[in-house]
There are 2 protein chains.
Amino acid sequence: MSEENVVYIGNKPVMNYVLAVVTQMNGGALDVVLKARGRAISRAVDVAEIVRNRFITDVDIGGIDICTEEITSNEGANTNVSAIEIQLSKE
Amino acid sequence: MSEENVVYIGNKPVMNYVLAVVTQMNGGALDVVLKARGRAISRAVDVAEIVRNRFITDVDIGGIDICTEEITSNEGANTNVSAIEIQLSKE
């Protein structure tokens, strides 16, 4: 899968990310992966649900993975943060 | 699956829910389902990751589902909220 098909979810409004996904799919992408960490995980789920319920109704959740990523802060301390990947696939 | 095996994730500290899962599994439960809505979704992922990385290492993620639930507020307005279910299974 090309890097273009990944949408990283951050702290912007949900609809920004929904628009990014819809744009990619309307441009011909059959799969888009949402990636999020920490508190943005809830927003990633919102994005997936809004896309498939309101915008592209033939999109299915291809798979959901969760994992733990280790982040090194500027001070050099390591902290663990949960991450999620949600694959959206057009039928 | 009996209702006992469901842990609803809310706004309490993460370790409260981790303890609830560990207690159920040590009591013989082979499957525990975490359910969360809205902003608690991130916390549910944290709980799953902490349980399987730190406490019960033979636990696997059996499956993850996301959906949208309609909530009626006290004033009668309907709002949609995303929800997640994470199944933890002992091997």
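Predicted model: local features only at pLDDT ≥ 70, side-chain atom pairs only at ≥ 80, totals over all residues.
Biologist: Which residues in α1(A) and α2(A) meet?
Modeller: From α1(A) come A:Val14, A:Met15, A:Tyr17, A:Val18, A:Val21 and A:Val22, and they meet A:Arg43, A:Asp46, A:Val47, A:Ile50, A:Val51 and A:Phe55 of α2(A). Sorted by class, this contact of α1(A) with α2(A) has ten nonpolar residues, no polar ones and two charged ones.

Biologist: How do you know how α1(B) lies against α2(B)?
Modeller: By the angle again. Helix α1 (residues 14–26) of chain B and α2(B) pack at about 55°, with 9 Å between their axes. That makes α1(B) oblique to α2(B), and the crossing is right-handed. In chain B, the α1(B) side includes B:Tyr17 and B:Val18, while the α2(B) side includes B:Ile50 and B:Phe55. The contact of α1(B) with α2(B) counts ten nonpolar, no polar and two charged residues.

Biologist: What makes α2(A) and α2(B) roughly perpendicular?
Modeller: This pair reaches across from one chain to the other. The axes of α2(A) and helix α2 (residues 40–55) of chain B come within 6 Å and cross at roughly 115°. The perpendicular class covers 65 to 115 degrees, and α2(A) and α2(B) are therefore roughly perpendicular to each other. Their crossing is right-handed. A:Ile41, A:Ser42 and A:Val45 of α2(A) make the contact with B:Ile41, B:Ser42 and B:Val45 of α2(B). By class, the contact of α2(A) with α2(B) has four nonpolar, two polar and no charged residues.

Biologist: How many residues does each chain bring to the whole contact between chain B and chain A?
Modeller: Chain B gives 19 residues and chain A gives 19 residues. The buried area between them is about 1,300 Å², with carbon and sulfur atoms giving 61% of that.

Biologist: How many salt bridges are found across the interface of chain B and chain A, and how many over all chains?
Modeller: Across the interface of chain B and chain A the rule finds zero. Over all chains, the structure holds six.

Biologist: Why is the pair of A:Glu85 and A:Lys35 called a salt bridge?
Modeller: Side chains of opposite charge can pair when their charged atoms come close. The cut-off is a nitrogen of Lys or Arg within 4 Å of a carboxyl oxygen of Asp or Glu. For A:Glu85 and A:Lys35 the closest N and O atoms are 3.7 Å apart, so the pair qualifies. This pair links distant parts of the chain: A:Glu85 sits in strand β4 (residues 78–90) of chain A and A:Lys35 in strand β2 (residues 31–37) of chain A, 50 residues apart.

Notes: Residues numbered from 1 in each chain as written. Chains lettered and ligands numbered in written order. Heavy atoms only, no water. Contact = heavy atoms within 4.5 Å. Helix = DSSP H or I, 4+ residues; strand = E, 2+ residues; numbered from the N terminus. Nonpolar A, V, L, I, M, F, W, Y, C, P; charged D, E, K, R; others polar. Buried area = accessible area lost by both parts, 1.4 Å probe. Salt bridge = Lys/Arg side-chain N within 4 Å of Asp/Glu carboxyl O. Axes fitted to C-alpha atoms, helices over the stretch in contact; angles between N-to-C directions. Parallel < 35°, antiparallel > 145°, perpendicular 65-115°, else oblique. Left-handed = near helix turned anticlockwise from the far one by under 90°.
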